[in-house]
Amino acid sequence: MKALLLAGGLGTRLRPLTNFLPKPMVPIMGKPLLESTILKLKKQGVDEVVISTCYKSNHIEDYFDDGEKLGVKVSFIKEDIPLGTGGAIKNAEEFFDDTFLVLNSDIICDIDIRNLVEYHKSKKALATIAMTKVEDPSQYGVIEYDDNDYITAFKEKPKPYETNSKWINAGIYVFEPQLLSEIPKDEVVSIERDTYPKLLSKGYKMTAYRYDGYWIDIGTIEKYKKVHFDILKKYCKYVDMSDIKHRKVTIDSSAKIVEPVFIGNNVKIDAKAEIGPYAIIGDNTHIGSNSIIRHSVLWDNVKVKGNVNLINAVVASNSVVDGIRKIEDEVYANGIDDYAVS
């Protein structure tokens, strides 16, 4: 089966992390988010992936190439200017002649893709939209559906009195290729606001798939940190931790490790440093003596000098954190312009 991954967004709310890196390539537990997504799809029967890019597309293309290293065929379709979700899907039309998946690349969830596709086919629908339930749907695209799970209406960021539904678009779809003919070519189109209502008005069958497991988008710094902590708590199984093996770590005997933590490969932790709880330390990182790292995410190749406190922080790759200072509730990225995925 084929899947289209929408990976062209600017990631504005994740800046400065996305100033020089596209959002789908930010690391989750030390591995680019998009890589974890592709590996999960592979395990569920997807053998070909098309990645729709725009912003900083070279990072994605250089990293994945033809997909051989992941055992999945990877192709790319690039937008010169952002065309919206619908425009990006239309742009990839040449790749799809059978039932296919579409996923937003900033979504992290444990959805069963095989079950979703089987459900779609059983409903004989043109499109199936995976939904997740939230307490406050006012900032999302809300889906209303009937007793047979066929969609009846879409409400974009509704006020409380405008809908009784708390089920929102989860950013994961199954489409029949016929849907592509309903999207205009070379135009900016929102699949959510333009195409879906149009399909309903024409009488096409669209089904709602209720998913009640873990779901989050990493659109903000706080959500980015939260997903790491949720993985450490084992609330989220998006990253297969069993794939991360044979790590070489040097930890001074006087250093203190407070679980849960994740420590990458070739990491050195000096005397009397305290790591954790909820610390994620990327590969090739050096933590200086008497430093404290708590509730923080450090990318690869970071150097933290002695007597540094990192509390609820994110430190981007190649950054050097000078000694005797405290960084709390901040993003530290003084080396991000040198960042290169490898």
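In which strand does Val249 lie? Val249 lies in strand β14, residues 249-251; helices (H or I, at least four residues) and strands (E, at least two) are DSSP runs numbered from the N terminus. The model is predicted, so local features need pLDDT of at least 70 and side-chain atom pairs count only at pLDDT 80 or more, while totals for chains, interfaces and linings use all residues. Residues are numbered from 1 along each chain as its sequence is written, and side-chain values use heavy atoms, with hydrogens and water left out.

Val249 has a relative accessibility of 33% and therefore counts as partly exposed; buried means under 20% relative accessible area, exposed over 50%, and partly exposed in between (1.4 Å probe, protein chains only). Together with Ile251 and Ile257, Val249 forms a nonpolar patch on the surface with about 190 Å² of accessible area. Patches are made of residues with over 30% relative accessible area and no salt bridge, like charges being joined within 9 Å and nonpolar side chains (Val, Leu, Ile, Met, Phe, Trp, Tyr) within 5 Å. Accessible areas come from the Shrake-Rupley method with a 1.4 Å probe, and for residues only the protein chains shown count as cover.

The structure holds 13 salt bridges, each a side-chain nitrogen of Lys or Arg within 4 Å of a carboxyl oxygen of Asp or Glu. One of them joins Glu135 and Lys166 at 3.5 Å, N to O. Glu135 sits in the loop between β8 (127-133) and β9, and Lys166 in the loop between β10 and β11, so this pair ties together parts 31 residues apart in sequence. Glu135 is exposed at 64% relative accessible area, whereas Lys166 is partly exposed at 32%.

Lys155 and Glu144 form another salt bridge, at 3.3 Å, N to O. Here Lys155 is in strand β10 and Glu144 in strand β9, 11 residues apart.

In the salt bridge between Lys198 and Glu182, the closest N and O atoms are 3.8 Å apart. Because Lys198 lies in helix α5 and Glu182 in the loop between β11 and α5, the pair ties together parts 16 residues apart in sequence. Lys198 is partly exposed, at 30%, and Glu182 is buried, at 10%. Lys202 joins these two residues in a network of salt bridges.

On a 1 Å grid over the protein atoms alone, a cavity is a set of points where a 1.4 Å probe fits but cannot get out, and a pocket is an open set with protein on both sides within 12 Å along at least five of seven lines; lining residues have an atom within 4 Å of a point. Grid points are joined across faces, edges and corners, and a volume is the space filled by probe spheres set on the points.

The largest pocket holds about 1,300 Å³ of space. Its lining has 45 residues, and Lys23, Thr85, Asn104, Asp106 and Glu192 lie nearest its centre. Strand β11 gives the largest share of this lining, five residues.

There are two cavities of 30 Å³ or more. The largest cavity has about 130 Å³ of space, and its lining includes Asn104, Ile172 and Tyr238. Helix α1 gives the most to this lining, with three residues. The second largest cavity has a volume of about 40 Å³, with Trp299 and Asp300 among its lining residues.
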